[in-house]
Amino acid sequence: MRSIIYLGIGVFFGIILFKSEAASWFRIYEMFQFKSFHMYGIIGSTVGIGIIVTQLIKKYAPKSFYGAPITITPKEKGFSRYILGGILFGLGWALAGACPGPIFALLGAGYFPIIIVLISSILGTFLYGIVKNKLPH
Amino acid sequence: MNWIYNPWPWYLSGPLMALVLTILLMIGKRFGMSSNLKTICTICGAGKVSSFFRFDWKSQQWNLIVVLGVVIGGFIAANFLSTDNTVHINPEVIYDLQSKGFTTAGEMYMPDLLFSNEVFTQPKELLLLIIGGFLVGFGARYAGGCTSGHAISGLSNLQIPSLIAVIGFFIGGLTMVHIIFPLIF
């Protein structure tokens with residue numbers, strides 16, 4: 001039953017990613033050129049509503065639909081890993097025009113070269129796991 | 001109901017994405033796509049070479065199911081919910097991209113230059129996709145999250161680390177588009 005819910009959420013999210021054009025390489029390029037409000041509108045309204053929802057949940061601490069308390073563990077404090085990792089991610093995001101969510105949506109949409117991006121992103125994740133201890137965090 | 005077949009405006013898409021975030025929070029989960037890449041490494045046996053990958057991947061099975069759904073969602077949206085996949089970007093951007101060799105800018109969903117099936121036989125474009133994907137995977141794990149985990153989930157939780165990561169995303173993205181693109185395209 002829960003698996004069906006997870007699958008349903010994914011299908012819904014995949015449809016939104018494609019239909020909003022957030023999965024389009026062109027929209028990402030246009031965003032980094034500051035030539036359209038579209039992507040900023042999507043991210044801004046998602047985060048705007050997201051802040052309200054997250055704060056309400058934290059304040060009133062409701063239990064999840066399954067009865068367990070909702071705990072939101074904050075990310076560890078730090079600077080280097082977030083800025084350096086962020087920059088590397090941003091370089092890749094602009095080049096491939098896709099972040100991890102859209103990679104999967106584009107795979108379903110039939111843009112097969114995205115498989116190259118997916119496999120190399122898995123390899124990138126793997127390499128991070130290998131060299132992790134040598135990097136500033 | 002014709003609006004469904006048109007591109008969805010930001011003021012519909014944004015709130016719907018916030019709804020996805022809300023549902024995930026309400027079922028006790030965190031929104032984050034890139035951690036699936038780590039889970040895939042673990043399933044493939046990466047735990048043998050790094051303790052980073054040693055965790056019970058079954059605890060992340062739910063997220064793999066979400067991502068399977070995203071693939072199906074992309075298929076449904078592209079094949080059954082769209083009559084015309086053209087992305088109408090700013091004409092100035094179309095002009096700029098065409099001068100860089102992206103001849104299908106303003107006519108398609110994805111640029112032919114990087115995402116047509118001919119790419120599999122074009123070493124330069126193939127290499128660019130490999131580098132792009134590699135940086136996405138490496139950077140997301142180094143930063144501890146991607147657009148969904150940091151920009152959406154993290155900023156919604158008013159986390160400073162996520163704000164730093166998002167600033168990094170933009171430094172990287174702007175560098176790529178404004179400094180590196182003129183060198184490679």
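Helices here are DSSP runs of H or I with at least four residues, numbered from the N terminus. Keep that in mind as you click around this predicted model. Residues count from 1 along each chain as its sequence is written, chains are lettered from A in the order written, and side-chain values use heavy atoms, with hydrogens and water left out. Local features need pLDDT of at least 70 and side-chain atom pairs count only at pLDDT 80 or more, while totals for chains, interfaces and linings use all residues.

**Confidence**

Chain B averages 96, and 100% of its residues score at least 70. For the complex, the predictor gives an ipTM of 0.96 and a pTM of 0.96.

**The largest cavity**

Now go for the holes. A cavity is a set of points, on a 1 Å grid over the protein atoms alone, where a 1.4 Å probe fits but cannot get out; lining residues have an atom within 4 Å of a point. Points are joined across faces, edges and corners, and a volume is the space filled by probe spheres set on them. There are three cavities of 30 Å³ or more, and the largest holds about 190 Å³.

Select Leu17(A), Cys99(A), Met17(B), Thr147(B) and Ile152(B): of the 17 lining residues, these lie nearest the centre. Then show helix 1 (2–19), helix 3 (38–60) and helix 5 (100–109) of chain A plus helix 7 (147–156) of chain B, each of which supplies at least two lining residues. The lining divides into 14 nonpolar (Ala, Val, Leu, Ile, Met, Phe, Trp, Tyr, Cys, Pro), three polar (the others, Gly among them) and no charged (Asp, Glu, Lys, Arg).

**The second largest cavity**

Next stop, about 60 Å³ of space. Its lining includes Phe18(A), Lys19(A), Glu21(A), Tyr5(B) and Asp84(B).

**Ser13(B)**

Pick Ser13(B), in helix 1 (residues 10–26) of chain B. Ser13(B) is buried (under 20% relative accessible area; exposed is over 50%, partly exposed in between; 1.4 Å probe, protein chains only), at 0%. Leaving out residues up to four places away in sequence, Ser13(B) touches Ile16(A), Ser20(A), Ile42(A) and Trp8(B), with contact meaning heavy atoms within 4.5 Å.

**Cysteines**

Definitions and conventions: On a 1 Å grid over the protein atoms alone, a cavity is a set of points where a 1.4 Å probe fits but cannot get out, and a pocket is an open set with protein on both sides within 12 Å along at least five of seven lines; lining residues have an atom within 4 Å of a point. pLDDT is the predictor's confidence in each residue, from 0 to 100.
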